[in-house]
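Take a walk through this model, one region at a time. Keep the viewer open and follow along.

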Amino acid sequence: MEWSKLLSTRKLATEEPEPPDFEQYPISAFERDYNKIVSSAAFRRLQDKTQVFPLDKSDFVRTRLTHSIEVSTIARQLGIMISKNTTPYKKEEIGERESEGICSVLQCAGLLHDLGNPPFGHFGEATIGEWFRENLDEISYKGKPLRQQLKPQMAADLEHFEGNAQALRILAKGKYNSEMNLSAAVISTLVKYPTESLKVDKASPDVRRHKLGCYYGDRDSFLRISQIVGTRGENGEIFRHPLTYMLEAADDIAYATADLEDAFAKGLFTLNDFIAFFKDSFDWERSQQHNKPEYYSRQLIYDLKGRRGKEPTPVQDSRAFREWIVYVRRWLMYIAVYRFSRSYDEIMKGQYQQDLFYGTNHSESIKILKNAMGQFVYDSPGILKLELSSQTILSFLLDKFVHAALYFDYQQEEWKPSKADKKFMSLFPDNYKQDYLDARTGDEQMDLYLRLLMVTDYISGMTDSYARTLYRELSGIE
């Protein structure tokens, strides 16, 4: 892989040329991408989508929007560190032009990385996939179970609904919709898992294989993008874009620090609880040697204890934890760039299989911080209520709209939508129906699959509030 292709500004669709006068005040293609992103409806909807805490009334808890802004900021800073560092690992092929492109691509990709996530956070993702696993054999289409009418990969796409693949799907529509017709470099960087649903292997040592990254219906667009940026190998295998590793690291850093800070501010754990959990997370007797990651994790917890003072108060603990989170974030950014630099040749050849914390001084630190979220947050009453309510709301909406979409635009008298189905389809926004009509192939199996994706497009694009309100209205609660 080479940067001249990896930073390509080519797009899926041809855009209207700008007036020659605009050339006097040039704006780069990536800056125009950034403007499209922040002006798009899909990005704005992130302000009412759950990050961790559902529909929180306080003004300090992060939403998907604020989380995405933080990831964008961290990702851009990592790009600066890659190209501006003064270490022996700095790569000469990353010059001023490449540096500007790297930072811009990461900034855009950070804003977009959660674009495909449905309402109610990761619980929403799980609910959509679970609904299809339970219903593909139960729902009938033209007298046969729905599963039998789909290719195995089509069914697997629905059963393993994934926000990452959905983000690619939204952007792949750029060939029809100029609002999100973005540069190939930005779209390619977003794809954490360049893997189809039938090839997912969570046990694989290669992180690329752990989740679905591209739906069957978007494969042509993704192959084209991969060809443009040069991430497709000679044998057809598609590698991760090198900047994807930095985007993933930025997301992990934001999750492991900012979301933990929110949980502390909400009172889900005390500083004493956190320190005890941190200390119990590894064998201290084996962490004495300086060459072990546990040693550096121990130094972090010592730093936190030092910030508290001898007789800490709740106010002092709160301040100490906020300051410590900033300190930890800087260390995690440092070691992510270190690993990228040291593994640069492997990454550029498509051979690197780990994340950017692997084998670093703080590989244990990031694990402990992530595990702390599981320990203190995900079994809390508010999160459990979110999980239960999201299952009820999304399952109801899927049940109504999937049935309504089965025979949408179908003409045969024997198989046609009911009056109720037509009414439900009238609630569908016109843009989703138009996207389907634009993509329709004339092949009955493929078009059935695309109608099902039309439903997941609509439901996953909903905000938390809209999904809840629509559920209440359609179920007769209000």
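Predicted model: local features only at pLDDT ≥ 70, side-chain atom pairs only at ≥ 80, totals over all residues.

Residues are numbered from 1 along each chain as its sequence is written, and side-chain values use heavy atoms, with hydrogens and water left out.

Start with empty space. Rolling a probe the size of a water molecule over the atoms shows where such space is left. The work is done on a 1 Å grid over the protein atoms alone. A pocket is an open set of points where a 1.4 Å probe fits, with protein on both sides within 12 Å along at least five of seven lines. Lining residues have an atom within 4 Å of a point. Grid points are joined across faces, edges and corners, and a volume is the space filled by probe spheres set on the points.

The largest pocket has a volume of about 1100 Å³. Its lining counts 38 residues. H122, E162, N164, Y193 and K211 lie nearest the centre of the largest pocket. Helices (H or I, at least four residues) and strands (E, at least two) are DSSP runs, numbered from the N terminus. The largest share, 8 residues, comes from α6. By class, the lining of the largest pocket has 16 charged, 11 polar and 11 nonpolar residues. Here Asp, Glu, Lys and Arg count as charged; Ala, Val, Leu, Ile, Met, Phe, Trp, Tyr, Cys and Pro count as nonpolar; the others, Gly among them, are polar.

Stay with α11 for a moment. E248 is found in this helix. At 9% relative accessibility, E248 is buried, a term that means under 20% relative accessible area (1.4 Å probe, protein chains only). Leaving aside neighbours within four places in sequence, E248 is in contact (heavy atoms within 4.5 Å) with K192, Y193, R240 and D355.

Go back to the loop between α5 (96-112) and α6, where F120 is found. Phi of F120 is near 70 degrees, a positive value in a residue other than glycine. F120 is buried, with a relative accessible area of 2%.

Now turn to helix α10, residues 219-229. Which of its residues are buried? They are S221, F222, I225, S226, I228 and V229. Seen down the axis of α10, these buried residues fall within an arc of 160 degrees, so they line one face of the helix. The arc is that of the directions from the helix axis to the C-beta atoms. An α-helix has 3.6 residues a turn, so residues three or four places apart point the same way. The buried residues of α10 pack against α1 (3-6), α8 (163-172) and α9 (184-190). G230 follows α10 and has a positive phi, near 80 degrees.

Next come the aromatic rings. Rings of Phe, Tyr and Trp (its six-membered ring) pair if their centres lie within 6.5 Å. By this rule the count comes to 25 aromatic pairs. Y141 and Y407 form a stacked pair, at 5.1 Å centre to centre and 20 degrees between the planes; stacked means planes under 30 degrees apart. Y141 lies in strand β1 and Y407 in the loop between α17 (381-405) and α18 (419-426), so the pair ties together parts that are 266 residues apart in sequence. Both Y141 and Y407 are buried. Elsewhere, F264, F269, F274, F277, F278, F321, W324 and F376 form one aromatic cluster.

The loop between α17 and α18 also holds Y410. Y410 counts as buried at 16% relative accessibility. Beyond four places in sequence, Y410 is in contact with Y141, K142, W415 and E444. K142 is found in the loop between β1 (140-141) and β2 (144-145). K142 has a positive phi of about 55 degrees, although it is not a glycine.

Finish with D33 in helix α2, residues 29-39. D33 is buried, at 0% relative accessibility. Not counting residues up to four places away in sequence, D33 touches K11, C108, N181, L182, S183 and V186.

Terms used. Buried < 20%, exposed > 50% of the residue type's maximum accessible area, 1.4 Å probe, protein only. Phe/Tyr/Trp six-rings, centres within 6.5 Å; stacked < 30°, edge-to-face > 60°.
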